[in-house]
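Me: I would like to learn how to read strands, helices and contacts from a model. Can we take one example and go step by step?

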Amino acid sequence: MKIIHIITCIDRGGAENQVVQMLLEQKKNSLDIVLIFLKGNGFWVDYLKSKGIKVIGPIFPKGNYLSLKGYEKLKKILPKRKFIVHLHMPPSLMVGVILKYLFNFSYKIIYTSHNEAPFIKFPIIEFFFSKLLLECSDYIISIADSGKRNIIKRYMINPNKI
């Protein structure tokens with residue numbers, strides 16, 4: 001089964017470094033993987049491609065995650081057969097959820113929360129919007145116990161999903 005990883009950017013940073021390590025391990029284990037990044041200059045792109053990993057992006061070069069052009073690009077890129085989408089960071093979660101429901105894809109969503117920062121800086125909007133996105137995930141990975149506790153407490157997400 002193909003695993004499509006989508007991350008906000010693949011520039012140099014903590015979440016990006018973790019994704020690179022995971023991709024290298026998955027490639028070593030002969031998994032069928034693709035990395036899609038949404039914006040940024042792509043610091044890791046050449047390195048990942050040199051390791052035989054397919055990298056596509058930027059999909060939304062100006063960072064406008066509501067651009068229909070970007071969603072059309074993604075629709076053409078995504079395979080027709082079953083696959084898993086592993087989303088990293090909140091913008092990727094939003095794009096993955098919109099894409100799934102806008103184009104009626106039937107993929108499983110795995111979301112990795114790399115930090116405890118709120119999705120949006122307006123508390124009321126943030127709660128409802130983020131809760132909706134997290135509820136659309138089939139599974140949530142938190143890289144720290146404190147992050148897991150935060151997701152459960154802040155968004156009232158079922159702990160069995162995390």
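This is a predicted model: local features need pLDDT of at least 70, side-chain atom pairs count only at pLDDT 80 or more; totals for chains, interfaces and linings use all residues.

Me: In what sense do S1 and S2 pair, and over how many bridges?

Reply: Helices (H or I, at least four residues) and strands (E, at least two) are DSSP runs, numbered from the N terminus. Two strands pair if DSSP finds at least two bridges between them. Here S1 (residues 2-7) and S2 pair in the parallel sense, over six bridges. His-5 stands opposite Leu-35 in S2. The chain gets from S1 to S2 through helix H1 (residues 14-28), in a right-handed β-α-β crossover. Right-handed means that, with the strands pointing away from the viewer, the path from the first strand over the helix to the second runs clockwise.

Me: Which strand pairs with S2 over three bridges?

Reply: That is S3 (residues 54-56), again in the parallel sense. Val-34 stands opposite Lys-54 in S3. The chain crosses from S2 to S3 through helix H2 (residues 45-50), and this β-α-β crossover is right-handed.

Me: Why is S2 largely enclosed by the rest of the structure?

Reply: Buried means under 20% relative accessible area, exposed over 50%, partly exposed in between (1.4 Å probe, protein chains only). Five of the six residues of S2 (residues 32-37) are buried, so the strand is largely enclosed.

Me: At what angle do H4 and H5 pack?

Reply: Axes are lines fitted to C-alpha atoms, for helices over the stretch in contact, and angles run from 0 to 180 degrees between N-to-C directions. H4 (residues 90-102) and H5 (residues 123-136) pack at about 65 degrees, with axes 10 Å apart. Contact means heavy atoms within 4.5 Å. Leu-93, Met-94, Val-97 and Tyr-101 in H4 meet Phe-129, Leu-133, Leu-134 and Cys-136 in H5.

Me: Is Thr-8 buried or exposed?

Reply: Thr-8 counts as buried, at 10% relative accessibility. Thr-8 lies in the loop between S1 and H1. Not counting residues up to four places away in sequence, its contacts include Phe-37, Tyr-65 and His-88.

Me: Which residues does Leu-24 contact, leaving aside neighbours within four places in sequence?

Reply: Tyr-47, Leu-48, Lys-51 and Ile-53. Leu-24 lies in H1 and is partly exposed, at 22%. The C-alpha atoms of Leu-24 and Leu-48 are separated by 8.0 Å.

Notes:
Residues are numbered from 1 along each chain as its sequence is written. Side-chain values use heavy atoms; hydrogens and water are left out.
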